[in-house]
Amino acid sequence: MYLNKLDLLALTDEHKTPLYVYELDRIQYRYEQLIGMFPEQDLKVHYAIKANFNPYIVQYINKLGAGIDTVSPAEIKLVQKLGVKSEDIIFTANNLTNEEIQEAGQTGVLFNLGSTSELDRYGKIFPNTKVCLRFNPDVIAGSHTKIQTGGPLSKFGILLEHVEEVKAICEKHNLSVVGIHKHTGSGIKDQSAYLQAVENLLSIITPENFPDIEFTDFGGGLFIPYSPDEQEYDYGSFASAINERLEALHASYGKKLKLYFEPGKFLVAECGNLVIQVNTIKDNNGHLIAGTNSGFNHLARPVMYDAYHHITNLSNPDGELKTYDIVGNICETGDNFASGRELPEIREGDYLLIHNAGAYCFSMASNYNLRKLPAELCLLDSQVVNHSPVVSDDVLIDRLIANVNA
Ligand code: LLP
């Protein structure tokens, strides 16, 4: 965290909470760390924009030198409008309709296709083009079952044993396979699982199978700590293990291939802070509940994935430690940011800071219970450089009832 608590509290004087505050310096730090990990490789990073599609952040990351990994036609449209070049965009959607294939194909981005059905339908519409293929690396890894994408029952990627079928489809439509991709899961702590997935993927890359390969893409899933108890990942040993495997691949393939990653959390999770305010303290016979002005409509990860988000008391940091459930204002019992969490005494009116709220937080937020989304501030060197204001209740309501009155 680059901002101190006082800087964050000062922002609440000017801006209403709930408020997302992004510190872009942290993104640059992680981007440079990733680039620095692989000096031997011809590395390209595609930021997985699904993690956070705040336009200022997308442009910032693109200016650092990254391309973008997209998963819907609208994501492509957004990043193209922001000035990202087609050659810097990969399209890794799943379960595409023919209309979506048509729409996305016209933008000129490279498709990363994860099923033989989509590959065949894409080939019929856009024969004689280049594609990347997403394979299922046959490894189950990731911080929660809902975000593990490998293994025999996964909806993602083509099974490794379906290579022959893939080759036949590519031949039929004269598709040139320029990239081989896998994404194993999100938040992968287990380095051996990540490396096994790489190993499995590389086993199918031969000149006989795919003579036109230009790059291998290992997806996202790069681990960063969310809790103070978690250690920083050993990226030194990760990078040397990847380098070793790539060296062997380049020798057997007879050519040096580019290396792609498409991180989401690694780049943006730590830059985000969600500042919320406590309005109601309840004491249920000694069980303390701190009720706030936000909820899982603004930050769903604890509810969706049992995810730990560190929380600090911004306005009473030195209070006596007590144990709280920290909950939202949504009408569901599961609307919980943390249970049994020890924090300095929380008083009505105190501001709490939810850490690591940069990835899959605002981008997964909704208007459930017809509550507004928070404003977002982007900061560089502790100065506000961009402000996405709140869409008011009246605008929301007018959008909803427009069709009734039409
Ligand atoms: N590439 C592909 C094909 C993906 O499906 C994903 C994430 C990424 C890259 C980026 O993964 P990352 O580096 O962020 O782990 N909403 C969940 C995470 C969903 C991840 C979906 N795919 C969460 O909040 O934990």
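Modeller: This is a predicted model. Residue V404 lies in helix α12, which spans residues 393-405.

Biologist: Why is V404 called exposed?

Modeller: V404 has a relative accessible area of 65%. Exposed means over 50%, so V404 is exposed.

Biologist: What makes V404 part of a patch?

Modeller: V404 forms a nonpolar patch on the surface together with L370, I397, L400 and I401. Nonpolar side chains are joined within 5 Å, given over 30% relative accessible area and no salt bridge. The five residues have about 450 Å² of accessible area together.

Biologist: How is the protein chain divided into domains?

Modeller: Domain 1 covers 2-19 + 270-405, and domain 2 covers 24-267. Their C-alpha centres lie 32 Å apart.

Biologist: How do you know what domain 1 and domain 2 share in contacts and buried area?

Modeller: In domain 1, 24 residues are in contact with 25 residues of domain 2. The area buried between the two domains is about 2,400 Å², with 57% of it from carbon and sulfur atoms. Two salt bridges are found across this interface.

Biologist: Why is the pair R26 and E270 called a salt bridge?

Modeller: The closest N and O atoms of R26 and E270 are 3.3 Å apart. The cut-off is 4 Å, so the pair counts as a salt bridge.

Biologist: Which network does R26 belong to?

Modeller: Salt bridges link R26, R30, E232 and E270 in a network. Within it, R30 and E232 meet at 2.7 Å, N to O. R30 lies in helix α2 (residues 24-37) and E232 in the loop between β9 (215-217) and α9 (235-253), so this pair ties together parts 202 residues apart in sequence.

Biologist: Are R30 and E232 buried or exposed, or in between?

Modeller: R30 has 0% relative accessibility. Buried means under 20%, so R30 is buried. E232, at 42%, falls between 20% and 50% and is therefore partly exposed.

Biologist: What makes K44 and D88 a salt bridge, and where do they lie?

Modeller: Their side chains meet at 2.6 Å, N to O, within the 4 Å cut-off. K44 is in strand β2 (residues 43-48) and D88 in the loop between α4 (73-81) and β4 (89-91), so parts 44 residues apart in sequence are tied together. D88 has a relative accessible area of 16% and is therefore buried.

Conventions:
Residues numbered from 1 in each chain as written. Predicted model: local features only at pLDDT ≥ 70, side-chain atom pairs only at ≥ 80, totals over all residues. Heavy atoms only, no water. Patch = residues over 30% accessible without salt bridge, like charges linked within 9 Å, V, L, I, M, F, W, Y side chains within 5 Å. Areas by Shrake-Rupley, 256 points an atom, 1.4 Å probe, with all protein chains shown as cover. Helix = DSSP H or I, 4+ residues; strand = E, 2+ residues; numbered from the N terminus. Buried < 20%, exposed > 50% of the residue type's maximum accessible area, 1.4 Å probe, protein only. Domains from an automatic or database assignment. Contact = heavy atoms within 4.5 Å. Buried area = accessible area lost by both parts, 1.4 Å probe.
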